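Trainee: Could you take me through this structure feature by feature, giving the general idea before the case at hand?

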Amino acid sequence: MPRTLETQITLEKTPSYFVTQEAPRRIFNMSRDTKLIVVVRNPVTRAISDYTQTLSKKPDIPTFEGLSFRNRSLGLVDVSWNAIRIGMYALHLESWLRYFPLAQIHFVSGERLITDPAGEMGRIQDFLGIKRFITDKHFYFNKTKGFPCLKKPESTLLPRCLGKSKGRTHVQIDPEVIDQLREFYRPYNIKFYETVGQDFRWE
């Protein structure tokens, strides 16, 4: 991380920190005052999105159903598959709470980030202790991609949207498979809601 002045906030991001075993200890050893922001979304939707992205790069991979279950008729979900394991948020959070108090971790709803980006950004700015600079005038909804894009209110520059890998149409999945995965995630979701004191309403 670059050196940061008292009046500055330095941000760095990667989707893999939250699920990497060594990350909490390493970040704590670097700076125990670090504030952490975690974007979470419905774990079933997240797994399908993950699969859709992988499929676009490797078209010959097995089906979503085949990767999700060790034995579907018995309802045995394959937790060794990363796309499934990542959504077990309560499990990953335990590692972080060994090093950081909950007050230093802010959870962003991936769903609300799409439906109310300004509201979510407002809460992030509050958490960081900075003035609410980014507001609803900084966003517009891109109907093609299906999510909000950034714009500078006073600028004539084109709005900034996430890259081509974002906003893809998800692969169609058997509704029964989705129901089985919802059941699998339910206890993890409930434990996560209770731990963070926030109901994300994924049921």
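Trainee: Which residues does the UniProt annotation "binding site" cover?

Mentor: Before reading the annotation, keep in mind that this is a predicted model. The UniProt annotation, which comes from an unreviewed entry, lists R41, S49, K166, G167, R168, T169 and H170 under "binding site".

Trainee: Is T169 buried or exposed?

Mentor: The label follows from relative accessible area, where a value over 50% is called exposed and one under 20% buried. T169 has a relative accessibility of 72%, and therefore T169 counts as exposed.

Trainee: How is a pair of aromatic rings described, and how many aromatic pairs does the structure hold?

Mentor: The description of a pair of aromatic rings rests on the distance of the centres and the angle of the planes. In this structure there are 17 aromatic pairs. One of them joins F184 and Y185, whose ring centres are 5.0 Å apart and whose planes meet at 65°, so that this pair is edge-to-face. Both F184 and Y185 are buried. Another pair, Y193 with W202, is tilted, because the planes stand at 50°, with the centres 5.7 Å apart.

Trainee: Are Y193 and W202 buried or exposed, and which residues do ring pairs link into a cluster?

Mentor: Y193 counts as buried at 10% relative accessibility, and W202 likewise counts as buried, at 6%. The cluster linked by ring pairs consists of Y89, F107, F192, Y193, F200 and W202. A ring may also face a charge, as with F127, over whose ring the charged end of K35 sits at 5.2 Å from the centre.

Trainee: Which residues form a nonpolar patch on the surface?

Mentor: The nonpolar patch is formed by I9, L11, I37 and I130, which together have about 350 Å² of accessible area. Within this group, I37 belongs to strand β1 (residues 36-40), and its relative accessibility of 34% is why I37 counts as partly exposed. G129 itself lies in the loop between α7 (117-128) and β5 (139-142), and is exposed because its relative accessible area is 62%.

Trainee: How many salt bridges does a search of the whole structure find, and which side chains meet in them?

Mentor: The criterion is a side-chain nitrogen of Lys or Arg within 4 Å of a carboxyl oxygen of Asp or Glu. By that criterion the search of the whole structure finds 10 salt bridges. Among them is the bridge between R132 and D126, with an N to O distance of 2.6 Å; R132 is partly exposed at 44% relative accessibility, as is D126 at 43%.

Note on methods. Residues are numbered from 1 along each chain as its sequence is written. This is a predicted model: local features need pLDDT of at least 70, side-chain atom pairs count only at pLDDT 80 or more; totals for chains, interfaces and linings use all residues. Side-chain values use heavy atoms; hydrogens and water are left out. UniProt positions are given in the numbering used here, feature names are shortened, and annotations may be inferred rather than shown by experiment. Buried means under 20% relative accessible area, exposed over 50%, partly exposed in between (1.4 Å probe, protein chains only). Rings of Phe, Tyr and Trp (its six-membered ring) pair if their centres lie within 6.5 Å; planes under 30 degrees apart count as stacked, over 60 as edge-to-face and the rest as tilted. A charge sits over a ring if NZ of Lys or CZ of Arg is within 6 Å of the ring centre and within 35 degrees of the ring normal. Patches are made of residues with over 30% relative accessible area and no salt bridge: like charges are joined within 9 Å, nonpolar side chains (Val, Leu, Ile, Met, Phe, Trp, Tyr) within 5 Å. Accessible areas come from the Shrake-Rupley method with a 1.4 Å probe; for residues, only the protein chains shown count as cover. Helices (H or I, at least four residues) and strands (E, at least two) are DSSP runs, numbered from the N terminus.
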